[in-house]
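I opened the model today to look up a helix, a ligand site and some backbone angles. My notes follow in the order I took them.

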Amino acid sequence: MTRTVYVNGEYLPETEAKISIFDRGFLMADGVYEVTSVLDGKLIDFDGHAVRLARSLDELDMQAPCSKEELLEIHRELVARNEIVEGLVYLQVTRGSDGDRDFVFPDPETTKPTIVLFTQNKPGLADNPAAKKGAKIISIEDIRWGRRDIKTVQLLYPSMGKMMAKKAGADDAWLIEDGYVTEGTSNNAYYVKDGTIVTRPLSNDILHGITRKAVLRMAAEAQMVVEERLFTIDEAKEADEAFTTSASAFVMPVIEIDGVALGDGTPGPIAKRLREIYLEESLKAAI
Ligand code: PMP
């Protein structure tokens with residue numbers, strides 16, 4: 001089946017979708033994105049993603065390409081047309097193209113943003129074998145720019161981080177700045193010691209994860225203790241367990257950091273419980 005994608009108001013077969021070579025997303029990574037999970041054919045936390053998209057656009061002085069209601073309609077239409085039961089909807093908005101290359105932003109009156117959405121079919125997303133195994137993590141230096149709270153498409157360093165992890169025989173990398181863990185290459189990072197969940201507080205240094213917000217709320221509702229504070233990789237290595245959160249991998253247990261096994265080297269009880277609660281609650285609230 002040829003995938004149907006959405007480009008600037010049109011639903012098209014992926015082979016017919018076109019973007020200008022002058023698009024600022026392509027030339028300058030002048031764009032933002034969101035990834036929303038689909039479970040049971042429904043969108044997980046659509047509202048959270050729509051709110052964060054609006055904030056990213058606002059922070060970059062970029063126009064919204066359409067209303068939140070239209071965005072929801074496009075997401076649903078793509079899920080239906082591509083028959084997605086479990087998978088992802090990728091959304092990208094860029095500052096568009098004024099037909100040339102210039103560092104100066106084009107006039108928003110004449111240059112409209114580019115909007116692209118496509119689906120990714122991922123059967124087994126919820127019942128992911130990788131989550132049963134747990135992830136091995138390496139730590140690397142965080143050399144990204146200073147506005148990681150804006151979800152831009154500048155993903156070269158995160159991508160290089162995943163490659164460094166792969167080369168080291170691990171699954172992913174956590175990033176370290178000034179001696180403290182910021183977050184994972186594409187997820188937020190947590191460790192658990194003596195029943196307390198520790199994670200870095202929100203700031204411009206990390207992405208404000210939609211899954212992070214939901215998981216911290218669910219942890220509090222389940223009477224779990226959460227401390228939002230800076231932590232080092234050495235603290236995390238001495239933890240009983242660790243995990244990451246993201247919209248596409250939900251709660252992912254971490255079993256090893258820089259070659260050091262955590263606890264008994266298998267997914268920990270708090271990570272496993274939070275994954276269960278998150279999947280159950282998110283499915284109930286899916287739209
Ligand atoms: N941090 C980074 C750097 C990310 O790329 C992501 C995933 N987009 C996250 C955290 C997790 O955010 P969310 O739960 O909204 O997917």
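**Helix H6 and what follows**

I began just after H6, where Gln223 takes a positive phi of about 60 degrees. This is a predicted model, so I kept its limits in mind: local features need pLDDT of at least 70, side-chain atom pairs count only at pLDDT 80 or more, and totals for chains, interfaces and linings use all residues. Residues are numbered from 1 along each chain as its sequence is written, and side-chain values use heavy atoms, with hydrogens and water left out.

Gln223 is not a glycine. I noted that most residues other than glycine have a negative phi. Gln223 lies in the loop between H6 and strand S12 (225-228). Helices (H or I, at least four residues) and strands (E, at least two) are DSSP runs, numbered from the N terminus. Is Gln223 buried or exposed? It counts as exposed, at 68% relative accessibility. The cut-offs are under 20% relative accessible area for buried, over 50% for exposed, and partly exposed in between (1.4 Å probe, protein chains only).

Next I checked the length of H6, residues 210-221. Its twelve residues should span 16 Å at 1.5 Å a residue, and the end C-alpha atoms are 17 Å apart, which agrees. The expected span is 1.5 Å times one less than the number of residues.

I then listed the buried residues of H6; among them are Ile210, Thr211, Val215 and Met218. Leu216 is also in H6 and is buried, with a relative accessible area of 12%.

**Ligand site**

Which residues come nearest to the ligand? Of the 17 around it, they are Arg52, Lys151, Glu183, Ile210 and Thr211. Near means that a heavy atom of the residue lies within 4 Å.

I looked up polar contacts, which are pairs of N or O atoms within 3.5 Å. A polar side-chain atom of Arg52 lies 2.8 Å from a ligand oxygen atom. For Glu183, the distance to a ligand nitrogen atom is 2.7 Å. Thr211 has a polar side-chain atom 2.6 Å from a ligand oxygen atom. Strand S9 (180-184), H6 and strand S13 (241-246) are the elements that give two or more residues to the shell around the ligand.

Asp258 is not a glycine either, and has a positive phi of about 50 degrees. I found Asp258 in the loop between strand S14 (250-257) and strand S15 (260-261). Asp258 is partly exposed, with a relative accessible area of 30%.

Terms used. Polar contact = N/O pair within 3.5 Å; in protein donor to acceptor, adjacent residues only side chain to side chain.
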